[in-house]
Amino acid sequence: MITLEGVTKTYRMGRIEVPALQGIDLYIGRGDFVAIMGASGSGKSTLMNIIGCLDVPTSGRYILDDTDVARLADDQLARIRNKKIGFVFQSYNLIPRTTALHNVEMPLIYAGEGGRSARAREALVSVGLADRVNHQPTELSGGQQQRAAIARALVTNPAILLADEPTGNLDTNSSVEIMRLLTRLNAEQSRTIVLITHEQDIARFASRVVELRDGRIVRDERSAA
Amino acid sequence: MNLYEALRMAANGLLANRTRSALTMLGILIGVTAVILLVAVGNGASVQINNQVQSLGANVIYVYPANARGSGGVSQGFGTAQSLTQADVDALNTRQQDPDVVAAIPIAQSGGQITYGNQNYFAPTTGTTPAFPQVRNYQVAEGSFFTDDDVTARHRVVVLGQTVVDNLFAGTDPIGQTIKISRQSFRVIGVFAQKGGSGLGSQDNVVVAPITAVWAYLTGARGKVISQIVASASSAGTVTQAETEITTILLNRHQISDPTQADFQLQSQQDILNQATSIATALTLVLGAIAGISLVVGGIGIMNIMLVTVTERTREIGIRKAIGARRRDILVQFLIEAMVLSGLGGALGIALGALLAMEAPKIPAIASSSFPTPVVSPTSVVLAFCVSVAIGLFFGIYPANRAARLHPIEALRYE
């Protein structure tokens, strides 16, 4: 359901053209749990931005659920992000001074969908934050903030959960908790999860590892587990 | 995204930085207060002038001698123009050629020190005929007005306005008392009811006596001068016809064929009212415009703060875009924030302005002066509110548009 064909991305810095992605072919099926690995500068952030519809490729095709999103305009990309993609960021990126519940409601507000409060509450319960619903981000621990962010990503029932270094700011215990949560969501709800990380330990939780180097895929294998 | 959510987001954003929001609002608040207050003062002046002119009688026509001018074009100097005579007054009162003129009275003015006991006061003394209360719209509150017999016999009797009574008779009944005007004794036979009004010269600061007595005892060497004739038309609507009739009669009597050479001039209360109203309107506009400048300054303050807010919340904007906010959603969010800021400032400014307008007349220094009582008009309230919201919209567009155009990736990376 995610198909990338010959995707390239070139950034222009003044007069110099910097190639970030140099021809990526990648297929990710429903229910897959893929870890995208690579050193910094390997192009994994660029790839994430394109998969997350935050950016469009310079050339190539990106087909998400039968839609070629490579040529869509800003507002159409916003629609797709809203409906089909759930983001989990390294720095949680909850909106400050806003309760966990209202943060989780936010995507539904932009979608213009009803029953927001009940659905947001449900999503928070599913990530184990039932008792933190009315807390603001500053009143939550790092692990709890990341759970709230995962609840926000799940609430619109998106096709992919896109996690960019979700454990980068967390201690080992919280990291393991968050990875267990993602694994559970993948196993129980068949969520498609794309995980960006540079840590082997974290990538181990995924069922498939794709490694990038200099804007090309150099490894793509399923783990034995 | 519905309006409720948008307002909730705006409130959230504004509450996040209370001091800053309050200070920004203060800019609009002061501007709107100034507009409301100054327009109220202008309106008050307009109402005051209107009342005053109305109290003089909207159907009143004044006839003045033209500037003194000799037969050969030689100026004869001030005070020598005696073009108006008692015969003119009598002619106007026959009502044969002037059906729209109800009555006409001659006026002879004399200044003079007025004393009663050890009190003294200065007020103009008006010599006239018994039709004075009818023509000038005065009511006699106590005693009575003088009669034709008093005029014929040059009786030294006077009717006083309320201000004169207050200044001369502290508590004692003036009726039957004798006062002295320029050392001549006059007996008080009546007191006028209060007319109110000030500014153009109080209507209550009058001393009225038979014109013959004024000529005989007060104007002295100047003789039987009539400084003006006051005529009343049958109604405010017939003033124009009455003016034409008076002009025709007087031109005939003075044997002048060319109306431009007339040795008299007419002014109706309507003329005065029109002039006064246009002055008051201009005053209101100028005051409003000056206050409007401070509103624009307040608007620039809003733009400034919204630009800071957008920069500060770049990351939040990135998050919102990542989870599906479209340009329009971000634009509306910040526009509504700016409009809530200015609208709230405007509403508070209206409240403060109206409060000041109501309380100002109670300040002793203002109460004792002839400063007009401010009148807050509903139009200015509605207009001020709409304008302040519009200012939020206008000055919010640039910052909000800037926010809406941010690229999500760059916004998310912003530290």
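This is a predicted model: local features need pLDDT of at least 70, side-chain atom pairs count only at pLDDT 80 or more; totals for chains, interfaces and linings use all residues.
Biologist: Thanks! Is Val56(A) buried, exposed or partly exposed?

Modeller: Val56(A) has a relative accessibility of 24%, so the residue counts as partly exposed. The cut-off for buried is under 20%, and exposed starts over 50%.

Biologist: And which residues is Val56(A) in contact with, leaving aside its neighbours in sequence?

Modeller: If you skip everything within four places in sequence, the contacts of Val56(A) are Lys9(A), Ile50(A), Val69(A), Ala70(A), Leu72(A) and Leu77(A).

Biologist: I also had my eye on Val133(A). How far apart in space are Val56(A) and Val133(A)?

Modeller: Their C-alpha atoms are 35 Å apart, and 77 residues separate the two in sequence.

Biologist: Okay, new topic. How do E1(A) and E2(A) pair?

Modeller: Strand E1 (residues 2-13) and strand E2 (residues 16-28) of chain A are antiparallel, with 10 bridges between them. One bridge joins Arg12(A) to Glu17(A) in E2(A).

Biologist: What does the hairpin look like between the strands?

Modeller: There are 2 residues between E1(A) and E2(A), and Gly14(A) in that hairpin has a positive phi near 65°.

Biologist: Now the open sheet in chain A. What is the order of its strands?

Modeller: The order of the 6 strands is E6-E7-E8-E3-E9-E10 (chain A), and the pairing is mixed. Strand E6 (85-88) and strand E10 (216-222) of chain A are the edges: each has a single partner strand, so one side of each has no neighbour in the sheet. From one strand to the next, the twist averages 20°.

Biologist: How many bridges hold E9(A) and E10(A) together?

Modeller: Strand E9 (residues 208-213) of chain A pairs with E10(A) over 6 bridges, in the antiparallel sense. In that pair, Glu211(A) is opposite Arg219(A) in E10(A).

Biologist: Which strands does H2(A) touch when it packs on the sheet?

Modeller: Helix H2 (residues 74-84) of chain A touches E6 and strand E7 (160-164) of chain A, and the helix direction makes about 80° with that of E6(A). Helix H6 (residues 172-189) of chain A packs on the sheet too, touching strand E3 (33-37), E7 and strand E8 (192-197) of chain A. The direction of H6(A) makes about 135° with that of E3(A).

Biologist: Let's move to chain B. At what angle do H9(B) and H13(B) pack?

Modeller: Helix H9 (residues 269-312) and helix H13 (residues 378-404) of chain B pack at about 30°, and their axes are 9 Å apart. Angles under 35 degrees count as roughly parallel, so H9(B) is roughly parallel to H13(B). The crossing of H9(B) past H13(B) is right-handed.

Biologist: What kinds of residues make up the contact of H9(B) with H13(B)?

Modeller: The contact residues divide into 13 nonpolar, 1 polar and 1 charged. Among them are Met303(B) and Leu307(B) in H9(B), and Phe395(B) and Tyr398(B) in H13(B).

Biologist: And how do H1(B) and H11(B) pack?

Modeller: Helix H1 (residues 3-15) and helix H11 (residues 327-359) of chain B pack at about 65°, with 9 Å between their axes. That angle makes H1(B) roughly perpendicular to H11(B). Residues in the contact include Leu7(B) and Leu14(B) of H1(B), along with Ile336(B) and Leu341(B) of H11(B).

Biologist: Where does Thr24(B) lie, and which residues does Thr24(B) touch?

Modeller: Thr24(B) is part of helix H2 (residues 18-56) of chain B. Beyond four places away in sequence, Thr24(B) touches Gly301(B), Ile302(B), Ile305(B) and Leu341(B). At 8% relative accessibility, Thr24(B) counts as buried.

Biologist: Last one: how many residues of H10(B) are buried?

Modeller: In helix H10 (residues 314-322) of chain B, 8 of its 9 residues are buried, including Glu316(B), Arg320(B) and Lys321(B). After H10(B) comes Gly324(B), with a positive phi near 115°.

Terms used
Residues are numbered from 1 along each chain as its sequence is written. Chains are lettered from A and ligands numbered from 1 in the order in which they are written. Side-chain values use heavy atoms; hydrogens and water are left out. Two strands pair if DSSP finds at least two bridges between them. Helices (H or I, at least four residues) and strands (E, at least two) are DSSP runs, numbered from the N terminus. Axes are lines fitted to C-alpha atoms, for helices over the stretch in contact, and angles run from 0 to 180 degrees between N-to-C directions. Angles under 35 degrees count as roughly parallel, over 145 as roughly antiparallel, 65 to 115 as roughly perpendicular and the rest as oblique. A crossing is left-handed if the near helix is turned anticlockwise from the far one by less than a right angle, and right-handed if clockwise. Contact means heavy atoms within 4.5 Å. Ala, Val, Leu, Ile, Met, Phe, Trp, Tyr, Cys and Pro count as nonpolar, Asp, Glu, Lys and Arg as charged, and the others, Gly among them, as polar. Buried means under 20% relative accessible area, exposed over 50%, partly exposed in between (1.4 Å probe, protein chains only).
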